[in-house]
Amino acid sequence: MNTQLNDGLSQQWFTKFKYICVPLLEKSQLSAGTVANILPLLSNLESTLLDAGGTGFTLSQSLVSYIFFPLSTILRRNDLSVIPDQILEKIFGVLAILCETWWWYCDIQIWDQIFKLSSSVIEGVEGKGKGKVRDDETKEAAARCLWAILRERRAEEAPQGSPEELLHTRVSQFQVHSQSLQFMPILGQTINTLLLAAKSPHLKLQRISLKILRALISVYASEQFLPSILPGVVSSMTRIALGMSSKKGWVNGDIVSLSLGTLEPVIVKSLGDDVSIREGVVRSVVDLEDFINLTDAPAVDPKPPELPPYLTPRTSSWLRASASQLHIAINSLTPLVNHPTPLALLALSSFSRTILASTYLTLSQSRPLLLSWLLSLSNCAFPEVSQAAHHALSELLTAASDARLPLLQALLEISKENLSSLPRSIVSQDDTKVEHIAGQIEAICRLATSSSMSSTGLGLTSISLGIDTLLGPTGGIEKWGFTLLSVLEFTSPQMSVSQGSVAQLLLEDNADNLDTVNFPEVMLKNALARSTHDALARMLRALGRSSGENSIYAVEWFISIGRYSRTNNAIAALWCAARILEGISGYGLDEGGMAISSRPHSRKLERFARGLARDLAESWDEEPDLNSQTDIPRTDRQTDDSLLEVGFTKGFKTIRATLQVAEPRATLPTLSEDQPMLHQIFRLQLLSISAGILQARYTSVLIQVLYPILHSIVSPNPHLSLTGLATLHFMSAAMSYASPANLLLSNFDYALDSVSRRLSRRWLDIDATKVMAVLVRLVGADVVQKAGDVVEECFDRLDEYHGYEVIVQGLVGVLGEVIKVIEAEEPLTQKEDQDDTQSSMITSSLEPLFEWLSHRKDLPPHEDATDHGPAPHKAWGTTKADEESAEKQSDGPTTQPKVAEDTKPAPTPGQALTKQMVSRSIYFLTHASPVIRARILTLLSSCHPGPP
């Protein structure tokens with residue numbers, strides 16, 4: 001039944017093709033009159049073939065031969081140069097459709113003739129010595145026909161009922177024919193033609209030419225033939241990928257992908273490790289037996305075998321020369337790393353991976369370059385590109401890869417070179433170079449992280465050990481660390497400065513809705529772009545993340561440099577310590593405390609964080625040694641002579657005066673105004689990171705830490721003030737408090753004690769009153785429950801420091817903040833009752849008064865005037881009925897206790913606090929100081945809600 005149905009369908013399509021092919025055969029001899037008739041017939045034939053393919057009908061071999069006959073007749077009966085471009089374009093379009101099916105069973109000679117015909121039309125050489133330059137559309141049609149007979153096919157495309165090995169058989173037949181000595185010149189000429197067509201501005205012709213080139217090189221060209229075409233293909237593909245052959249100067253991502261896809265197989269098949277080992281050009285050393293055979297290698301190259309003139313033998317000298325030239329060509333492709341399309345970047349990642357895996361012996365000098373491309377691409381903003389590059393690096397560096405050991409050695413060399421060149425790039429303000437170096441180190445650290453190797457299950461322990469050594473006691477941090485610190489110089493960004501602190505303004509405007517306060521940024525003087533600063537920060541975080549707790553030594557070293565000084569190096573040291581500590585803890589301050597890591601930390605890290613918080617908090621109470629310009633810690637200043645500068649100077653030495661015995665000393669650099677502020681900012685950041693590490697266990701150091709943070713909030717410097725507020729918010733989130741007010745209320749005694757200790761005669765801080773005021777404001781309405789201690793503290797210090805106007809003003813300001821909180825806390829119902837009482841006391845008319853005066857002596861109308869003598873108004877004692885009724889009333893659910901009319905209601909907390917303030921203020925109303933009397937009177941005038 002199926003056979004009859006197929007026969008009927010074949011007969012139906014044969015009839016349709018017959019009505020086209022017969023008239024086409026009749027008009028096969030082209031002339032001026034027949035051209036106009038042939039064009040519609042060819043167009044109709046092409047559309048009919050497309051319709052047949054759309055219905056799923058497969059052309060039989062006989063039907064293909066029947067359709068091909070009129071086309072071959074036109075080509076035989078007419079000189080090729082006489083056939084118009086439009087007719088030739090249609091003929092190639094029909095041939096391309098036929099070859100999709102005909103490829104499976106056509107004769108080799110037909111395949112050869114179609115190959116030569118298409119190649120000659122693309123080249124423009126038609127006939128003996130005759131040529132005609134065809135338009136780009138005709139060349140594209142010829143190229144599509146050539147692509148139809150050359151493209152790689154899948155086994156699923158084979159005709160139904162064909163044997164399974166048909167695909168392999170057909171490919172082998174065509175490979176044997178194309179690799180024969182007779183066909184090699186034709187193949188070489190075709191490749192040269194396609195290289196020229198690939199530079200065409202016509203995009204469709206360019207794309208199809210690159211596809212055909214890749215197919216010819218990958219499938220049909222022999223390994224002996226590829227070294228001859230290697231220079232031309234590499235040169236053309238690099239120029240096309242970089243856009244040198246076009247006037248625009250750039251190319252689309254698909255063109256770059258096709259160019260690199262063509263460049264990849266010609267390099268691998270020309271001088272790859274496998275073919276070079278088979279040819280004896282290089283030797284692979286895997287075990288001890290290979291070392292023994294290595295000594296038996298001849299000193300000079302053996303005489304190459306006799307080859308045809310168009311083939312190039314592989315020798316050691318040829319490999320050295322080709323590898324050197326190829327490295328120059330590959331190096332010219334470096335700008336493609338910054339290509340804006342992900343398609344081009346994916347192609348570059350695949351190209352680098354294939355070349356590294358296949359030529360690790362022959363292209364050793366290109367190893368660092370290709371690795372640097374993959375490292376840069378692993379930091380790409382496109383997720384598919386970064387994942388592909390990272391996966392490629394992971395596969396290349398696993399134990400199963402033969403290229404693992406040489407690639408690991410190249411990675412270590414890249415790391416060493418990048419670390420040494422980073423300071424020079426920062427000084428020269430080469431932002432692009434700095435970002436590149438920082439990204440390379442970050443990518444290497446990401447490879448060393450065990451979590452990033454989860455896809456293969458293998459961690460690069462050698463890279464991890466190298467980073468641990470770099471940041472450990474034996475890593476020479478004194479050398480590269482001081483070099484890095486000497487080129488990092490920070491400054492605060494330009495901001496509008498107000499009289500009050502930024503934090504106070506934020507609290508006044510939106511005190512209840514401050515969900516998150518981000519840490520303000522600092523600027524790097526040697527970096528012109530913000531992305532450069534971010535790249536350096538990510539690099540240090542990656543170093544800390546990959547090394548983990550092994551990098552605590554580096555953090556301690558940086559903190560020791562910045563702890564006892566305020567110079568630029570000290571500030572840079574604190575910044576570096578903060579960034580590395582962020583990497584160790586697993587989060588950063590850029591998220592504003594919203595992405596705090598919940599992973600457990602070791603006791604060693606928590607112990608370090610606790611000691612760091614205490615040490616930094618104590619630094620606020622120390623007087624900075626502004627005269628000391630050295631960055632060496634105090635414990636090592638007298639003994640450490642390893643940092644003495646040894647330099648070579650050239651020129652004349654100035655002769656000093658005779659009486660000038662002592663050598664002139666260089667003047668020490670003066671500190672700028674920003675340096676102490678930046679020093680405090682980075683210390684606050686370190687306090688925040690330590691809070692994120694300890695989290696709920698940070699309570700033990702709050703008594704030392706709270707005052708420095710609150711003191712920074714009241715700073716007149718807007719940058720420092722906002723950093724202090726951000727630190728408080730970050731700490732609240734890290735300790736699982738809903739808001740900073742809850743944190744301060746829960747630890748109010750710690751905060752008040754720290755302020756009180758700064759108001760003693762032994763230890764007096766002028767800003768302590770401002771800190772107490774902002775403490776009351778941050779806690780808000782809940783401070784009423786704890787404000788009694790604040791009031792007592794203020795009045796005690798007011799009597800003690802009554803002669804200091806600044807302190808008196810600050811203490812009265814604290815009491816004023818308490819009064820503002822009380823006013824906001826008082827219930828509105830009390831104010832409404834007072835308004836009702838005052839309105840009832842206002843008399844609107846005197847008529848009731850006159851009425852009362854006229855009848856004030858009148859007797860009551862129902863009063864009994866009879867004198868009954870002395871008698872009780874009620875019975876003596878109580879009856880049983882009265883007692884039972886009283887008990888029932890006492891047991892009733894709705895009975896309310898009777899309150900005596902003269903009993904006053906209990907005062908509210910706000911009223912009690914106001915009463916306390918008024919009672920303490922009475923003593924100061926007669927104080928000898930007029931300043932205190934005036935302040936107290938002003939304070940009492942603002943105490944609106946008084947006690948009842």
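Which residues are exposed on the other side of H14? This note comes back to that in its second point, after an overview of the chain.

1. Overall picture. The coordinates are those of a predicted model, and the remarks below should be read with that in mind. The chain has 948 residues, of which 46% are buried, and its secondary structure comes to 39 helices and 2 strands. Its accessible surface is about 49800 Å², with 54% of that area belonging to carbon and sulfur atoms. When contacts between residues at least 6 apart in sequence are considered, 77% of them join residues at least 24 apart.

2. Helix H14. In answer to the opening question, Arg320, Gln325 and Ile328 are the residues exposed on the other side of H14. The buried residues of this helix are Ser316, Trp318, Leu319, Ser322, Ala323, Leu326, His327, Ala329 and Ile330. Seen down the axis of H14, these buried residues fall within an arc of 160 degrees, and therefore they line one face of the helix. The cover over the buried residues of H14 includes helix H10 (226-242), helix H11 (253-271) and helix H16 (367-377).

3. Length of H14. Helix H14 runs over residues 316-331, and its 16 residues should span 22 Å at 1.5 Å a residue; the end C-alpha atoms are 22 Å apart, which agrees with that expectation.

4. Helix H19. The 18 residues of helix H19 (residues 431-448) reach 26 Å from the first C-alpha to the last, which is close to the 26 Å expected at 1.5 Å a residue. Of these 18 residues, 13 are buried, so H19 is largely enclosed by the rest of the structure.

5. Glutamine 429. This residue is placed in the loop between helix H18 (404-427) and H19. Glutamine 429 has a positive phi of about 60 degrees, although it is not a glycine. Its relative accessible area is 35%, and because that value lies between the 20% and 50% cut-offs, glutamine 429 counts as partly exposed.

6. Serine 736. A positive phi is also found at serine 736, a residue other than glycine, where the value is near 65 degrees. Serine 736 lies in the loop between helix H29 (718-734) and helix H30 (740-746). With a relative accessible area of 68%, serine 736 is exposed.

7. Alanine 148. Helix H6 (residues 136-150) contains alanine 148, which counts as buried at 1% relative accessibility. Leaving aside neighbours within four places in sequence, alanine 148 is in contact with Ala96, Cys99, Glu100, Trp103 and Arg153. The C-alpha atoms of alanine 148 and threonine 101 are separated by 9.4 Å, although the two residues are 47 residues apart along the chain.

8. A nonpolar surface patch. Leu846, Leu849, Phe850, Trp852 and Leu853 together make a nonpolar surface patch of about 520 Å². One of these residues, phenylalanine 850, lies in helix H36 (residues 847-854). Phenylalanine 850 has a relative accessibility of 47%, and it therefore counts as partly exposed.

Key
Residues are numbered from 1 along each chain as its sequence is written. This is a predicted model: local features need pLDDT of at least 70, side-chain atom pairs count only at pLDDT 80 or more; totals for chains, interfaces and linings use all residues. Side-chain values use heavy atoms; hydrogens and water are left out. Patches are made of residues with over 30% relative accessible area and no salt bridge: like charges are joined within 9 Å, nonpolar side chains (Val, Leu, Ile, Met, Phe, Trp, Tyr) within 5 Å. Accessible areas come from the Shrake-Rupley method with a 1.4 Å probe; for residues, only the protein chains shown count as cover. A salt bridge is a side-chain nitrogen of Lys or Arg within 4 Å of a carboxyl oxygen of Asp or Glu. Helices (H or I, at least four residues) and strands (E, at least two) are DSSP runs, numbered from the N terminus. Buried means under 20% relative accessible area, exposed over 50%, partly exposed in between (1.4 Å probe, protein chains only). The expected span of a helix is 1.5 Å times one less than its number of residues. The arc is that of the directions from the helix axis to the C-beta atoms. Contact means heavy atoms within 4.5 Å.
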